[in-house]
Amino acid sequence: MSQSSSFVRSTWSNRWAFVLVTIGSAVGLGNIWRFSYLAGSSGGSAFVLVYLLCVALIGLPLLMAEILIGRRGRGNPVQAMLNTAEETGNSPWWALVGWVGMLGALLILSYYSVVSGWIADYLYQAVVGVRVETAAAAEQGFRDLADDPVRMGFWHTVVLTLSVGVVARGVVAGIEAASRIMMPILFLILVLLTLWGCVVGDMPAALHFMFDFKAEALTPGVVLAAMGHAFFSLSLGMGAIMVYGSYLDKKTSIGQTSLWVVGASTLVGLLSGMAIFSLTFGYGLAPAAGPGLILQTLPLAFAHMPGGRLVAIFFFLFVLFAAWTSAISLVEPFVSWLTERYGIRRVQAAWGTWAPVWLLGLAVCLSFNHWAEFTIAGLNLFDALDQFASKIMMPLSGLAIAIYVGWMMGKALVREEVQLRGGAFPLWFLVLRYVAPLGIVLVFCHNLGWTPW
Ligand code: TRP
């Protein structure tokens, strides 16, 4: 276990462990809650197809680049950037990327923990047997939660404490053990829910909504949201993947691992979307319901399903697990920096991180009710944090990483570290150098109204 020394770092127990924890980080509320709510409120297919394109052309190459920096740099995000910059003769200012990531991860964690708390609340409701029979009751159920900062704050505290607790225990013991059990079961439940969506929901309508391309829905805002979500769903740009990569041994193939992670994350997103939208349309609910979408649709489906209460319990339990393994990866970058930079113990670093995130999370709870009037650029605190992180911080940090690995580190070193065989290296490098950065810049320009086409 890496406690304070930056020389002896822990490594995952084997290659699959790394794949699993990285999937654990990537697959979370982003793929289940965020994907369906954003797709629902951004016109469906336009969002989904741009998202898929961004995952393939920007997400995958950047995921590999971020793992590469972590593994080469062997340190927390700031240190990994410093180490690689020194090795390749680049400016130490590149460490800024690490800083932005670490702090951004904490901002995300503050509202991520609140939304995970909603899931915990719904799990509790399923356990005690709350049933919603009508769409109106389901909508009211979510509104009651959003109106109650104490209830939200309570669950936020529980989830945050659990996540920080795992990080306090350490990387291999805590994070790896948690992911290994939870991820496979979550996947099975999602398949089950999708099948159920075919039985009682309106699957053709869902597929039409998600995949029938409607060019008119393709507004600049939708494109930016979809790109932001590609970053979010793959945990990119915030040091999380970098720090996990820093615990990776030299033998593991970065390319293969990344394909697994991208595949799993995308599949979970698409499955969730199909399950949720088939039920949404089947029950005549509105896909554009906003952040509460899955909590307004699924409980209704569970109420009408044979054995629905049990399925509900399992579903919320495993979504909570998925959220937990992601939340862990949002805590780890900062904690590893604290331990390595100041030589303090992991336990202290973890609980020291808990406090500020907890406070900001409480403010997020209030932003749905008492503080709803308080807005930043017209958004409440929750939306402001989410949009700032996903539409500004992550793409900018991703752009910096693409430029750093593609142009600054030196081709020979990058080739040696990434170990791609055959034509895979030139292809990846080309995409990383040109396609990914250009894609990010174009989406930004398009959003600011400078459309070159
Ligand atoms: N990818 C996770 C999800 O989809 C969320 C997440 C975890 C994340 N770690 C991250 C997002 C780092 C951005 C950066 O739920």
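How many aromatic pairs does the structure hold? It holds 33, where rings of Phe, Tyr and Trp (its six-membered ring) pair if their centres lie within 6.5 Å, and planes under 30 degrees apart count as stacked, over 60 as edge-to-face and the rest as tilted.

Before the examples, the ground rules. This is a predicted model, with local features needing pLDDT of at least 70 and side-chain atom pairs counting only at pLDDT 80 or more, while totals for chains, interfaces and linings use all residues. Residues are numbered from 1 along each chain as its sequence is written, and side-chain values use heavy atoms, with hydrogens and water left out.

Take phenylalanine 302 and phenylalanine 316: their pair is edge-to-face, at 5.7 Å centre to centre and 75 degrees between the planes. The pair links distant parts of the chain, 14 residues apart, with phenylalanine 302 in helix H13 (residues 293–303) and phenylalanine 316 in helix H14 (residues 308–342). Helices here are DSSP runs of H or I, at least four residues, numbered from the N terminus.

Now phenylalanine 425 and phenylalanine 429. Their ring centres are 5.2 Å apart and the planes are at 20 degrees, so this pair is stacked. The two sit 4 residues apart in helix H18 (residues 424–447), separated by about one helical turn. Phenylalanine 425 and phenylalanine 429 are buried as well.

Ring pairs also join Trp33, Tyr37, Tyr111, Trp118, Phe142, Phe368 and Phe382 into a cluster.

Next, charges over rings, which require NZ of Lys or CZ of Arg within 6 Å of the ring centre and within 35 degrees of the ring normal. Arginine 34 has its charged end over the ring of phenylalanine 232, 4.4 Å from the centre. Arginine 433 lies over the face of tryptophan 407, at 4.1 Å from the ring centre.

Back to helix H14, which contains serine 336. At 1% relative accessibility, serine 336 counts as buried. Its side chain reaches the backbone oxygen of proline 333 at 2.9 Å.

Last, the lining of the largest pocket. Helices H5 (95–128), H6 (135–146), H13 and H14 each supply at least two of its residues. By class, the lining has 12 nonpolar, 4 polar and 2 charged residues; Ala, Val, Leu, Ile, Met, Phe, Trp, Tyr, Cys and Pro count as nonpolar, Asp, Glu, Lys and Arg as charged, and the others, Gly among them, as polar.

Conventions: Buried means under 20% relative accessible area, exposed over 50%, partly exposed in between (1.4 Å probe, protein chains only). A polar contact is a pair of N or O atoms within 3.5 Å; within protein, one must be able to donate a hydrogen and the other to accept it, and residues adjacent in sequence count only if both atoms are side-chain atoms.
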